[in-house]
Amino acid sequence: MQIFPNDRIVFFGDSITDANRDKNDSEDLGHGFPLFIAAQLGAKYPEMNFSFYNRGNSGDKASDLNNRIEQDVLSLMPDVVSIMVGINDTWHNVEQPDFGSKKAADAFEKEYRKILMTLKDAGISRLILMEPFVLPIPKNRTTWRVDLDQKIQIIRLLAAEFHAEFISLDGLMNAAGIRHGFELYTKDGVHPTPIGYGLITEEWMRHVQPTMDLK
């Protein structure tokens with residue numbers, strides 16, 4: 001995906017994006033990949049004058065993003081929106097009757113599609129969809145796969161449908177964990193360590209191409 005001078009880039013999602021940002025400071029980027037990305041792009045391309053906004057919120061599900069998309073995203077008039085959501089739609093549903101069911105998958109797809117339609121209707125076409133991930137720390141996290149894998153597939157199909165840039169993180173994070181130890185990248189299977197955030201940042205950066213050309 002091309003990004004251009006003066007682009008306004010919004011990171012929208014749950015706690016992985018939030019990364020303990022100060023919600024009393026609208027410009028605070030937290031301590032995760034939004035900060036790392038802003039630092040790298042700003043250092044490499046200071047003349048491009050990018051603006052970055054972290055609108056992650058810990059605990060959010062796809063429906064929560066829909067509830068705040070007007071205030072937290074559209075009001076910022078973004079050019080690029082990067083979305084990561086889905087792990088809480090699984091985590092908060094563990095041991096519920098519909099866990100891993102088609103009903104749960106359909107409900108997630110409806111909410112995620114609504115997010116994308118809202119952005120599309122607002123004229124925002126440059127979208128980056130980041131898939132959620134889970135690593136087997138502790139080992140019972142593997143029981144989440146029956147639910148999360150369905151949501152990952154839904155995001156992949158929606159990325160194709162909406163012509164969005166897609167960032168595959170589940171395989172990336174698990175492969176790195178297999179090679180070097182899962183605890184290097186996360187302590188609870190979900191929230192990244194600084195090294196985990198570094199890996200996510202590298203992958204996100206691979207998918208954007210800063211250019212001085214006119215939009």
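1. Start with Trp91. In this predicted model, Trp91 has a relative accessibility of 28%, so it counts as partly exposed. Buried would need a value under 20%, and exposed a value over 50%. Arg141 lies over the face of the Trp91 ring, 5.2 Å from the ring centre.

2. Trp144 is buried, at 4% relative accessibility. The ring centres of Trp91 and Trp144 are 5.2 Å apart, and the planes meet at 45 degrees, so this pair is tilted. Trp91 belongs to helix H4 (residues 87-91), while Trp144 sits in the loop between S5 and helix H6 (145-161). The two are 53 residues apart in sequence, so the pair ties together separate parts of the chain.

3. The loop between S5 and H6 holds another feature. Pro138 is placed in that loop. The peptide bond from Ile137 to Pro138 is cis, with omega near -10 degrees. Find this bond in the structure before moving on.

4. Next, the sheet. Strands of a sheet pair through backbone hydrogen bonds, either parallel or antiparallel. Which kind of pairing is found here, parallel or antiparallel? The pairing is parallel: 5 strands form an open sheet in the order S3-S2-S4-S5-S6. At the edges are strand S3 (51-56) and strand S6 (165-167), each of which pairs on one side only. From one strand to the next, the twist averages 15 degrees.

5. Zoom in on one strand pair. Strand S2 (residues 8-13) and S3 run parallel and are joined by 6 bridges. Val10 has Tyr53 in S3 as its bridge partner.

6. Two helices lie across the sheet strands. Helix H2 (residues 33-44) lies across S2, S3, strand S4 (80-84) and strand S5 (126-130). Its direction is at about 175 degrees to S3. Helix H3 (residues 62-72) lies across S2, S3 and S4, at about 155 degrees to S2.

7. Back to aromatic rings. A pair of aromatic rings is described by the distance of the centres and the angle of the planes. How many aromatic pairs does the structure hold? There are 8. One of them is Phe11 with Phe33, an edge-to-face pair with 5.8 Å between centres and 85 degrees between planes. This pair links distant parts of the chain, since Phe11 is in strand S2 and Phe33 in helix H2, 22 residues apart.

8. Are Phe11 and Phe33 buried or exposed? Phe11 is at 0% relative accessibility, so it counts as buried. Phe33 is buried as well, with a relative accessible area of 1%.

9. Thr17 lies in helix H1 (residues 15-18). Why is Thr17 called buried? Its relative accessible area is 1%, and the cut-off for buried is under 20%.

10. Finally, check two backbone angles. Asn6 has phi near 70 degrees, a positive value in a residue other than glycine. Asn6 is in the loop between strand S1 (2-3) and S2, and is partly exposed at 46% relative accessible area. Glu95 is not a glycine either, yet has a positive phi of about 70 degrees. Glu95 is in the loop between H4 and helix H5 (102-121). At 76% relative accessibility, Glu95 is exposed.

Note on methods:
Residues are numbered from 1 along each chain as its sequence is written. This is a predicted model: local features need pLDDT of at least 70, side-chain atom pairs count only at pLDDT 80 or more; totals for chains, interfaces and linings use all residues. Side-chain values use heavy atoms; hydrogens and water are left out. Helices (H or I, at least four residues) and strands (E, at least two) are DSSP runs, numbered from the N terminus. Buried means under 20% relative accessible area, exposed over 50%, partly exposed in between (1.4 Å probe, protein chains only). Two strands pair if DSSP finds at least two bridges between them. Axes are lines fitted to C-alpha atoms, for helices over the stretch in contact, and angles run from 0 to 180 degrees between N-to-C directions. Contact means heavy atoms within 4.5 Å. Rings of Phe, Tyr and Trp (its six-membered ring) pair if their centres lie within 6.5 Å; planes under 30 degrees apart count as stacked, over 60 as edge-to-face and the rest as tilted. A charge sits over a ring if NZ of Lys or CZ of Arg is within 6 Å of the ring centre and within 35 degrees of the ring normal.
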